[in-house]
Amino acid sequence: MDKPWLSRYPSDVPEHINPDHYPSLVEMFEQSVQKFADQPAFTNMGSVMTFRKLEERSRAFAAYLQNELKLQKGDRVALMMPNLLQYPVALFGVLRAGLIAVNVNPLYTPRELEHQLNDSEAKAIVIVSNFAHTLEQVVEKTSVKHVVLTSLGQMLPRAKGTLVDFVVKYVKGMVPKYNLPGAISMRKTIQKGRRLQYVKPFMSGDDIAFLQYTGGTTGVAKGAILTHSNMIANVMQAKAMYGPVLIEGRESIVTALPLYHVFALTVNCLFFLELGGSNLLITNPRDIPGFVRELKKNRFTAITGVNTLFNALVNDEDFHELDFSQLKLAIGGGMAVQKAVAEQWKKTTGVCLLEGYGLTECSPLVTVNPYDAGEYTGAIGLPVPSTEVRIIDEQGKVLPNTQVGELQVRGPQVMQGYWQRPEATKEVINGDGWLSTGDIVRFDDKGLIHIVDRKKDMILVSGFNVYPNEIEDVVALHGKVLEVAAIGQPHDVSGEVVKVYVVKRDPSLTKDEVIAHCRQHMTGYKIPKLVEFKDELPKTNVGKILRRVLREENDAKLDKVS
C-alpha cells in the first residue's frame, strides 16, 4: 500500500508501535503510580491528588466494588460526572476491579440516560449529586442495582469541600432535589474499601475496558467496544507522535474537555498518566473568566480542546496576560480547527495549534499533525503509527490518494464492534478490518490528510458538492465574526443553497458584509445566499457545534411558512 505520509514523519517518530506494550491498562496504571508516586497526578479547584493517593483511593474503591457490591469481572459500571478528582478514582477503581467503564454525559436527559444504562446493562453507577434528579426518574426502569453518590466538593479538603458544596447547593441552586434511597456516599465506599481486601483480577488486552457511546446525534447511541489493547495502542500511538517533545514526570496538561469524552480520556487521562504528567481538571470550562483564573494559578505545558474553546480563550482579554513560556503542545480535535482561531492562538501563545482527528470507534486517535508542524496546515495531519488509511468511493472501490473520497481506517486502535449490535458493526467494519469513517478526505502533496466534510453534512448546490467546513472557515476569517455554522437549505431551482448562522463579535456586522466577504474568497455556488444572526450556536457538552439542530430548526421554520 502506498503510504505518502511516512516521509513526513519526524525522524524520531517510529512507523509502528507495540500495542501489547502493557498487558492491560491496570498494568500500565500500576507501573505509573509506582514510578511517579509522590508527583501530582490530578489537580482540581486548588486541591492536588498525587499518584500515590490515586493508587490508594482507587484500590479502596475497587475493593468495595468487589467485596460489598459483589460485582464480577466484566460487569458494567456507569460513570456520570464532570471533571472532578472523583472521576479518575472511580475510573481506575472500576478498571482495577476487572469491570467495564461506561462513560455517561452528565447533561443527558432522562430518556438518553435510561437508554444508555439499559443498553449497557450497567449494574452500578457513580454519579454527582447535581444530576441525581435525572437518575431518580429512570433508575427503577434500568438494571442498575447500586448507586454511588458524590458531590462537587467531596474529594477536596474537608473545610473547602463543605464550602463548595454549600455554595453549589444553596447559593447557586445547582443541585435539584432528588430521592435515591439506598444510594451510598463515594466517600464512605473509599473509607470502607480501605479495610477490605483488593484482589487483582487476571486481565488481558482482549478484555473490554470501555463501552464508549457514540452516534447519539444521528440516531440511537451505540456502545463502541474498546478493549484494554485498543486503548493501550492509542496511548502508545499518541506517545510516539508527541513523546519526543515531552519529558516523563515533568509535564502538566490542561484538561477542559470532560474526561468522559474519549479524546480527553485517552490523550489527557491515560497518555499523561503513562507519561507521569499531571492533569489540571477544569470542572466548568464554559466559565471562561474562572477557567483563565485557574490557568493563571497553575503551571501548564500542554492543552487540548475543541475549536470553540480555543476561540473563547483567545477572545478573552485576561487570557492574553498569562505566562505561556512553558507551553509546548496544544492539540485541537472533536471538530475542525479554523484558520482564524489557529492563527490567533499562535499569535497569542507562540505555540502552534495542532489539529488531530479521531473517532470514538478508534479509541479515538487516527491522525495528528506532527509536533514539528510549526504553522497551521489546515489538515488533520498524518496517520499515527501502525495505522493504515485509504480512500474509497461510494461503491466501496479503493481510490488513488490523489482523489477525494471516504476515509477508511485499519489499526490496533479500531474498536471490536458496537455492543450487542452485530448488524450496525457490519455496516462500518468490513471483513478485512477496515472501518468506514463517514468522513470525506483528500491527501495533499505533502502526505497530509484534509477533511473535506462529513457525508451527511454535505450541501448539494446545482449538482456541486459544497462542504460546510470550507464555508465556515472562510466566514470565520472575517474580523467581526465570532462563530459560524453552515447548512444547506432546500431550494426549488438549485436543490439546496448555503445558509450560514453567525454569532457576531462586532454588533455592526451586517448580512451584506458577510456575503461580500465570501465573494472575495469563494466561487459563486459556494457563497451563502442566506445569513442568520444568533446570540449563540447549539453545541454538544464538549463545545462541538450541532449543525443537525440548526437544520432541524430551519426545517421547522420552512414548514410553518409553507
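Hi everyone! Before we look at two helices, one definition: a helix axis here is a line fitted to the C-alpha atoms over the stretch in contact, and the angle between two axes runs from 0 to 180 degrees between their N-to-C directions. Keep in mind, too, that this is a predicted model.

So, let's start with helix H11, residues 307-314, and helix H12, residues 339-349. Their axes come within 10 Å and cross at roughly 45°. That angle makes H11 oblique to H12. As for handedness, the crossing of H11 past H12 is left-handed.

Which residues make the contact? On the H11 side you'll find Asn307, Phe310, Asn311, Leu313 and Val314, and on the H12 side Val341, Gln344, Trp345 and Thr348.

Next, the cysteines. A disulfide is a covalent bond between the sulfur atoms of two cysteines. How many disulfides does the structure hold? The count is 0. Take Cys362 as an example: the nearest cysteine sulfur belongs to Cys269 and is 20 Å away. Is Cys362 buried or exposed? Its relative accessibility is 0%, and buried means under 20%, so Cys362 counts as buried. Cys518 also has 0% relative accessibility, so Cys518 counts as buried as well.

Last stop: Gln520, which you can find in helix H15, residues 511-521. Gln520 has a relative accessible area of 64%, so this residue is exposed. Along the chain, Gln520 and Val474 are 46 residues apart, yet their C-alpha atoms are separated by 9.6 Å.

Note on methods
Residues are numbered from 1 along each chain as its sequence is written. This is a predicted model: local features need pLDDT of at least 70, side-chain atom pairs count only at pLDDT 80 or more; totals for chains, interfaces and linings use all residues. Side-chain values use heavy atoms; hydrogens and water are left out. Helices (H or I, at least four residues) and strands (E, at least two) are DSSP runs, numbered from the N terminus. Angles under 35 degrees count as roughly parallel, over 145 as roughly antiparallel, 65 to 115 as roughly perpendicular and the rest as oblique. A crossing is left-handed if the near helix is turned anticlockwise from the far one by less than a right angle, and right-handed if clockwise. Contact means heavy atoms within 4.5 Å. Buried means under 20% relative accessible area, exposed over 50%, partly exposed in between (1.4 Å probe, protein chains only). A disulfide is a pair of cysteine sulfur atoms within 2.5 Å.
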